[in-house]
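Here are my notes on this one, jotted down while paging through the structure. Have it open beside you as you read.

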Amino acid sequence: MIELPDLVTGGLAVGVLSALALGGLLLRAQRQQAGQRVEIARLRAQLDETARALAAEVEHLAAHRLPAAARQQTHASVAVPGPLRPQTSGTPLGLALEHVLDALRAELASQRTRIDAAAQAGMRGATREIQAALYRLQDALRGLQQKYDDPELTQTLFQLDHENEQSLRRAQVAAVVCGAWVGLAREESHLVDAVTGGQARLAGYHRVRVHNHLEAGTALVSHAVEPVAIIVAELLDNALRHSAPDTDVVVNLEHVHHGVCVTVDDAGVGMTHDERARAQRLVAGSDPILLTDLGDPPRMGLAAIGQLTRQFDLGVDLSSPSPYGGVRAVLRVDSHLLGHIDPEVRPPAASAPRSTRPASREEPAESPADTVHGYGDDRTEAGTGSTHDDDRDSAPATGGLPRRRRRTRATAAPEEPAVPRPTAQRPEQAAAALGALQAGTAAARSTADGRTTEEAATGTETPAEPDHTAPTDHELTDHEGGTAR
């Protein structure tokens, strides 16, 4: 039988052991709690740092990356900065921020397209009204030119008509950029007439020298006449604007394997590599054109060329520099857009440069004086006695630069009745191509009557003094080779 003191002693021992065990557990719990508090503090600090980094990234996104991404839509050279901390790239946070940028770009592109389409629609309506008003004004000016025979008044009307023609060209270009039709229906015309018609729409037309190396009768199908005239006018306008006023712009018309090329060379400032690449993209017409991409004020010439090349299957190349130090522009017209017009039945305008290619059939050799004559020189009605000032490039046989010459038309020989000029080629009996203000005036008749009988019989002409007066604006405009505008 166990005695009471032994029980007490055992109980005390068990109690002491239990107390020691509980004390150890308590100490361990306290140490774990202290470690947890340290870890919690560390995690809280890390969380605070992450929150601050996230806030900084969002602020950087809003202040720098989003504006740069928006500017990049209109200026491709603008670089969008990366995350504030490079280590963020590739992380879920970095990917989420990139998704924000992508969504912004897509939305901006959509809104720009929608807004630009609305702006183009409004401009199409405005230019349509402007074109109609300018056409009415043009008809009124032509009527006044036909009604009055006063040389001074006629000169003023010619100048007004040419100014109106330039305004009409600008409105037409704006309409084409906005997706409108070219606005004119022209009959099949000589290609050289389309080129000189585009030249006649410019203020500096007298600086353009056209060399026609095409076969006589090379023509454009009806739906390609006006687009070619617009493209040539815009290419020449760029060449004239970006070259010195005392230099010439040289145009060559040549046959190539797949059609015809119209080459425009200027001696201007040229373009940098980036400018040439951008211009080539515009004239290619492969990318959609937005008005906001054309500058302020918008420069629409190349954009209009791009629209027309895409719509009418034409080709324009600006990738080569000019041998004169400026820009070379080449318009290619493929064979399916070409036709043929008999130049004897329907000659080109008198202002058009004569072809340098030999005639396909055997004909008597022409005298050097005849080589500077345009088509229709001996097809005027007998007895008119008109005089003409030709500032088109009629290149002499020596290969020099073209010169303007005053010519006195000869009365047809008695044994060869003159062939009357087709009505479509002379807009009015009072106006002849590129000559005096009034072809039927007394001065012109007296000049023609001054020829001797021997000169009329032999077909020679009395040399006239060189004329340095530029042709009137309207005379260029009236010989574009198409139907009435």
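1. A quick definition before the pocket: a pocket here is an open set of grid points with protein on both sides within 12 Å along at least five of seven lines, and lining residues have an atom within 4 Å of a point. Also keep in mind that this is a predicted model.

2. Now the second largest pocket, with a volume of about 1,000 Å³. Its lining takes in 33 residues, and those nearest the centre are Asn238, His242, Arg299, Gly301 and Leu302. Helix 5 (222-241) is among the elements that supply at least two lining residues each, as are helix 3 (151-177) and strand 7 (327-334). Helix 5 gives the most, with six residues. By class, the lining splits into 18 nonpolar, 10 charged and five polar residues.

3. Which residues does the salt-bridge network link? They are Arg169, Glu234, Asp237 and Arg241. Within that group, the closest N and O atoms of arginine 169 and glutamate 234 are 2.6 Å apart. This pair links distant parts of the chain, with arginine 169 in helix 3 and glutamate 234 in helix 5, 65 residues apart. Arginine 169 is buried at 6% relative accessible area, and glutamate 234 is buried at 4%.

4. Glutamate 165 and arginine 201 also meet in a salt bridge, at 3.8 Å from N to O. Here too the pair links distant parts of the chain: glutamate 165 sits in helix 3, while arginine 201 is in the loop between helix 4 (191-199) and strand 2 (208-212). Glutamate 165 is buried, with a relative accessible area of 2%, and arginine 201 counts as buried at 2%.

5. For a local pair, look at aspartate 102 and arginine 105, bridged at 3.1 Å from N to O. They are three residues apart in helix 2 (residues 92-147), so about one helical turn separates them. Aspartate 102 is partly exposed at 42%, and arginine 105 is partly exposed at 22%. The structure holds 15 salt bridges.

6. Leucine 20 lies in helix 1 (residues 4-72) and is exposed, with a relative accessible area of 59%.

7. One backbone spot to check is aspartate 313, with a positive phi near 60 degrees. Most residues other than glycine have a negative phi. Aspartate 313 lies in the loop between helix 7 and strand 6 (315-321) and is partly exposed at 43% relative accessibility.

Methods. Residues numbered from 1 in each chain as written. Predicted model: local features only at pLDDT ≥ 70, side-chain atom pairs only at ≥ 80, totals over all residues. Heavy atoms only, no water. 1 Å grid on protein atoms, 1.4 Å probe; cavity = no way out; pocket = protein on both sides within 12 Å on 5 of 7 lines; lining within 4 Å. Points joined across faces, edges and corners; volume = space filled by probe spheres on them. Helix = DSSP H or I, 4+ residues; strand = E, 2+ residues; numbered from the N terminus. Nonpolar A, V, L, I, M, F, W, Y, C, P; charged D, E, K, R; others polar. Buried < 20%, exposed > 50% of the residue type's maximum accessible area, 1.4 Å probe, protein only. Salt bridge = Lys/Arg side-chain N within 4 Å of Asp/Glu carboxyl O.
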